[in-house]
Amino acid sequence: GRKASEVTPTKLRWLWADRIPLGTLAVFAGRGGEGKSTFALNLAAQLTRGLLAGEREGKPVNVGIASLEDDEAAVTVPRLIGAGADLDRVHLFTTDTAGLLVTLPDSADALAAFILEHELAAVILDPSTSMMDGNHNNRHEVRRALDPLLTVGAATGCTFILVQHVNKGPGNMSDKLAGSAAFRDAARCVLLFAADLDTGERIATFDKGNYSEALAASLSFKIANSEVKLPGGDQTNVGIVAELGESDRDAQTVMNERYQIENPERAQERGEAQAFILDYLAGRGGTALASEVIQAGKAEGFTENQLKKARLRCKTPAVSSEKFGFPGAVIWKTVEDLPPSGATETPTGASGAALTNTAPQAPQRIPAAPQGIEERPEVRLGVLDLGEIEAARAGLLPGVSTRERELRAVRGTA
């Protein structure tokens, strides 16, 4: 180790201003066909022309692309042409220097050498999980594959964009990243994609943005058809990013709305479970033991898993799950809103940026959720009467069970 006084402070630098820091990992995630790969290639094209707002603006740079799902000649290169990329600055690879398929972590050293040789400012891995060894649901093995990328990025300034799929189904979209939560933990930026099939609009939401003011902000775009001329007089049609701008919608809402349309019966079941929870809590002052809610829900035909997932989906009002007392009991409690997850305090002075020079500026700062040491349950709830809880434990409130006395104290009705 060393003293902090021995470290020279430096300014945080951005690949994409106020959105993706240099030398870090970014995750672009969504279901198939949501536009995440097209968006990543558009970002790459902007970099090769020096058009992306950030540290590289006005300075065309080289990028690397490893894509295992798309044919280079028939798909990747035509898309790059449609996006306006300088093809001389794009380096395509799916194998390492030994001619072997890129597999992390084993290929990390070869990848670092490739980045240095070609002076790459960014590398797109699409899909990233196809280039990773081990069990993707195991946190240790995922970090074993990703940590070398963090080291390479810090040493070279190269930013890695990991294109990933999300699992199908409703709920919290950021929890549906395919594989372990370690993917989200390692990334400094997570951008979630969802498509509105009625309008063709794509929504990209910044679900995680360490150091960024763009947390929870969304962009909207459409995928337009572009005709690309090929050698020999042939031509092909590719999708390109068009009508890029800011949006007040978010990818999770769009995805859940789409799921309800595609699965109306299951959506109704989930809505009924949410309604049961809210009605049950409303009849008990907004607070009840989780075990009591679940027991009552089972009597109405819901499973414990349905009820727990339904609680997470409650938004207006939201339903928090918190511990109190000793031994700790879990209560479910209606609250007006829950703070966003994945937020990190942002350094002041960071400026917004748009993807292109003509796009609107980044939205005003969205306050980050408080971070730091978790408070004790009785402080976090903010409504506990500690004296009444101690009295309940001591048996000074006759005629009522100890647990019910504690719960009444929480509600303020003891």
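Me: Ala, Val, Leu, Ile, Met, Phe, Trp, Tyr, Cys and Pro count as nonpolar, Asp, Glu, Lys and Arg as charged, and the others, Gly among them, as polar. On that basis, how do the residues of the lining of the largest cavity divide?

Reply: Four are nonpolar, three polar and three charged. Keep in mind that this is a predicted model.

Me: Ok, which residues line the largest cavity?

Reply: Its lining is made of Ser37, Ala40, Leu41, Ile65, Ser67, Asp70, Thr76, Arg79, Ile124 and Asp126. Two or more residues each come from α1, β4, α2 (72-83) and β6.

Me: And which element gives the most to that lining?

Reply: That's α1, with three residues.

Me: How much space lies in there, and how many cavities are there of 30 Å³ or more?

Reply: The largest cavity holds about 70 Å³, and the count is four.

Me: While we're on α1, is threonine 38 buried or exposed?

Reply: Threonine 38 sits in helix α1 (residues 36-49), and it counts as buried because its relative accessible area is 9%, under the 20% cut-off.

Me: What does threonine 38 touch, leaving out residues up to four places away in sequence?

Reply: Arg79, Ile223, Gly239, Ile240 and Val241.

Me: Switching to aromatics. How many aromatic pairs are there?

Reply: Ten. One of them is phenylalanine 28 with phenylalanine 193: the ring centres are 5.7 Å apart and the planes lie at 50°, so the pair is tilted.

Me: Where do phenylalanine 28 and phenylalanine 193 lie?

Reply: Phenylalanine 28 is in strand β3 (residues 25-30) and phenylalanine 193 in strand β8 (residues 189-195), so the pair ties together parts 165 residues apart in sequence. Phenylalanine 28 is buried at 0% relative accessible area, and phenylalanine 193 is buried at 0% too.

Me: Why is the pair of phenylalanine 39 and phenylalanine 193 called edge-to-face?

Reply: Because their planes are at 65°, and planes over 60 degrees apart count as edge-to-face. The centres are 5.4 Å apart. Phenylalanine 39 is in helix α1 and phenylalanine 193 in strand β8, 154 residues apart.

Me: Which residues form the aromatic cluster?

Reply: Trp16, Phe28, Phe39, Phe193, Phe206 and Phe221.

Me: Last one: which residues of α3 are buried, and what do they pack against?

Reply: In α3 (residues 108-118), the buried ones are Ala108, Ala110, Leu111, Ala112, Phe114, Ile115 and His118. They pack against β4 (62-67), β5 (90-92), β6 (120-126), α4 (139-156) and β7 (159-165). Following α3 is glutamate 119, with a positive phi near 50°.

Notes:
Residues are numbered from 1 along each chain as its sequence is written. This is a predicted model: local features need pLDDT of at least 70, side-chain atom pairs count only at pLDDT 80 or more; totals for chains, interfaces and linings use all residues. Side-chain values use heavy atoms; hydrogens and water are left out. Buried means under 20% relative accessible area, exposed over 50%, partly exposed in between (1.4 Å probe, protein chains only). Helices (H or I, at least four residues) and strands (E, at least two) are DSSP runs, numbered from the N terminus. Contact means heavy atoms within 4.5 Å. On a 1 Å grid over the protein atoms alone, a cavity is a set of points where a 1.4 Å probe fits but cannot get out, and a pocket is an open set with protein on both sides within 12 Å along at least five of seven lines; lining residues have an atom within 4 Å of a point. Grid points are joined across faces, edges and corners, and a volume is the space filled by probe spheres set on the points. Rings of Phe, Tyr and Trp (its six-membered ring) pair if their centres lie within 6.5 Å; planes under 30 degrees apart count as stacked, over 60 as edge-to-face and the rest as tilted.
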